Amino acid sequence: MPDNLAIRIEDLSIKYKINVDTKRTLKNALMRASKGELVRTRTVEAIKHLTMDLPHGSVLGIVGANGAGKSTLMRSIAGILPPTEGRITVNGKISTLLALGVGFNPALSGRDNIILGGLASGMNRAEIESKTDEIAQFADLPDGFIDMPVRTYSSGMYGRVAFSVAVSMKPDILLLDEALSAGDASFKEKSFNKMRELCAEARTIVIVSHALATINDLCDRAIWMNKGSLVQDGKPAAVVEEYLKFLKVGTLPSNYEDM
Ligand SMILES: Nc1ncnc2c1ncn2[C@@H]1O[C@H](COP(=O)(O)OP(=O)(O)OP(=O)(O)O)[C@@H](O)[C@H]1O
Ligand SMILES: [Mg+2]
């Protein structure tokens, strides 16, 4: 793919197979076995034939209703979820904050989780030690909480540490799925500033958020997804405006017929 691209998505489709057996009885199982099927499944098409390029240095916002496929797309870009069809190519080191605190061990302290995260991402001891203090300082938890087990944290404290870890990895590509929703106003401002700093360093950021003002403020491009398909791709203000209309009256743009 061309050097200027951070992410290239080519005709991507992602399907989930869901086991729809509600009654797991022997009788049902035998009936299905006699018909030659083992489990009854339903397929959900979470992403349908998505194609797009994202140049390095972009700050992309993704909006769309619950279940639109936003998190699925993020997991797929992160390499956690393989495409059912099509291809995703990523050029650079990725750091993700996909769901709050996923990847943290609840029994360990925030500090120990940061150290583990550092080890997992291949940093050496000296790097980790210098980073740990920096991350803990940025997270700025109330007194002593950084050394308490993560299970004792509020969602906002969790979010603070997770965000601090994600941005400290100095990624080329940062994926944030609802990452800013749990923080209070003061941390939100701090994380916005941090993201602006990362943008200035020409890093690529993808933000999924239902906070449309955030998308408007931070992004230079936005896409609106609906039922796994791309509805609109453009300037955040224009995309957010159309999406808001859709939320109010439920109609898709007239030039969009592929539903
Ligand atoms: N692990 C899974 N197994 C089966 N189906 C799934 C799974 N994860 C998501 N889905 C389905 O895929 C579709 C897209 O879900 P996804 O989580 O990507 O939506 P989303 O846009 O992130 O929604 P939200 O705004 O609620 O976070 C939905 O229909 C959902 O039910
Ligand atoms: Mg989601």
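Domain bounds here come from an automatic or database domain assignment. With that settled, select the two domains: domain 1 covers 1-19 + 41-93 + 171-259, and domain 2 covers 104-163. Their C-alpha centres lie 27 Å apart. The contact between them takes 6 residues from domain 1 and 6 residues from domain 2. Two residues are in contact if their C-beta atoms, placed from the backbone, lie within 7 Å. On the side of domain 1 that touches domain 2, there are 3 nonpolar residues, 2 polar and 1 charged. Nonpolar means Ala, Val, Leu, Ile, Met, Phe, Trp, Tyr, Cys and Pro; charged means Asp, Glu, Lys and Arg; the others, Gly among them, are polar.

This is a predicted model: local features need pLDDT of at least 70, side-chain atom pairs count only at pLDDT 80 or more, and totals for chains, interfaces and linings use all residues. Residues are numbered from 1 along each chain as its sequence is written, while chains are lettered from A and ligands numbered from 1 in the order in which they are written.

**Stop 1: the whole chain**

Zoom out. The C-alpha atoms fill a box of roughly 60 × 50 × 40 Å, taken along the principal axes. Of the 259 residues, 35% count as buried. A residue is buried if 20 or more other C-beta atoms lie within 10 Å of its own, exposed if 12 or fewer, and partly exposed in between; C-beta atoms are placed from the backbone.

**Stop 2: ligand 1**

Select ligand 1 and the residues around it: Tyr16, Ile18, Val44, Ala46, Gly64, Asn66, Gly67, Ala68, Gly69, Lys70, Ser71 and Thr72. Strand 1 (5-19), strand 2 (41-55) and helix 2 (70-77) each give two or more residues to this shell. A residue belongs near the ligand if its C-beta atom, placed from the backbone, lies within 6 Å of it. Which element gives the most to the shell? Helix 2 does, with 3 residues. By class, the shell has 5 nonpolar, 6 polar and 1 charged residues.

**Stop 3: aspartate 11**

Stay with strand 1 and pick aspartate 11, which lies in it. Its phi is near 45°, a positive value in a residue other than glycine. Most residues other than glycine have a negative phi. Is aspartate 11 buried or exposed? Aspartate 11 counts as exposed, because it has 12 C-beta neighbours inside 10 Å.

**Stop 4: asparagine 28**

Now select asparagine 28, in helix 1 (residues 26-34). Asparagine 28 has 13 C-beta neighbours inside 10 Å, so it counts as partly exposed.

**Stop 5: helix 4**

Select residues 125-139, which form helix 4. The expected span of a helix is 1.5 Å times one less than its number of residues. For the 15 residues of helix 4 that gives 21 Å, and the end C-alpha atoms are 21 Å apart, which agrees. Show Lys131, Thr132, Ile135 and Ala139, the buried residues of this helix. Their cover includes helix 3 (110-120) and helix 5 (155-168).

Step on to aspartate 140, which follows helix 4 and has a positive phi, near 50°. Aspartate 140 is in the loop between helix 4 and helix 5. With 15 C-beta neighbours inside 10 Å, aspartate 140 counts as partly exposed.

**Stop 6: helix 5**

Select helix 5 next. 12 of its 14 residues are buried, so helix 5 is largely enclosed by the rest of the structure. Among the buried ones are Met157, Tyr158, Phe163 and Ser168. The buried residues pack against strand 5, helix 3, helix 4, strand 6 and helix 6 (185-200). Just after helix 5, click lysine 170: its phi is positive, about 45°.

**Stop 7: strand 6**

Finish at residues 173-177, strand 6, where 5 of 5 residues are buried. Ile173, Leu175 and Asp177 point one way, and Leu174 and Leu176 the other. Parallel to strand 6 runs strand 5 (residues 94-97), joined by 4 bridges. Strands pair if DSSP finds at least two bridges between them. Leucine 97 stands opposite leucine 176. Strand 7 (residues 204-208) is also parallel to strand 6, with 5 bridges. There, aspartate 177 stands opposite valine 208.
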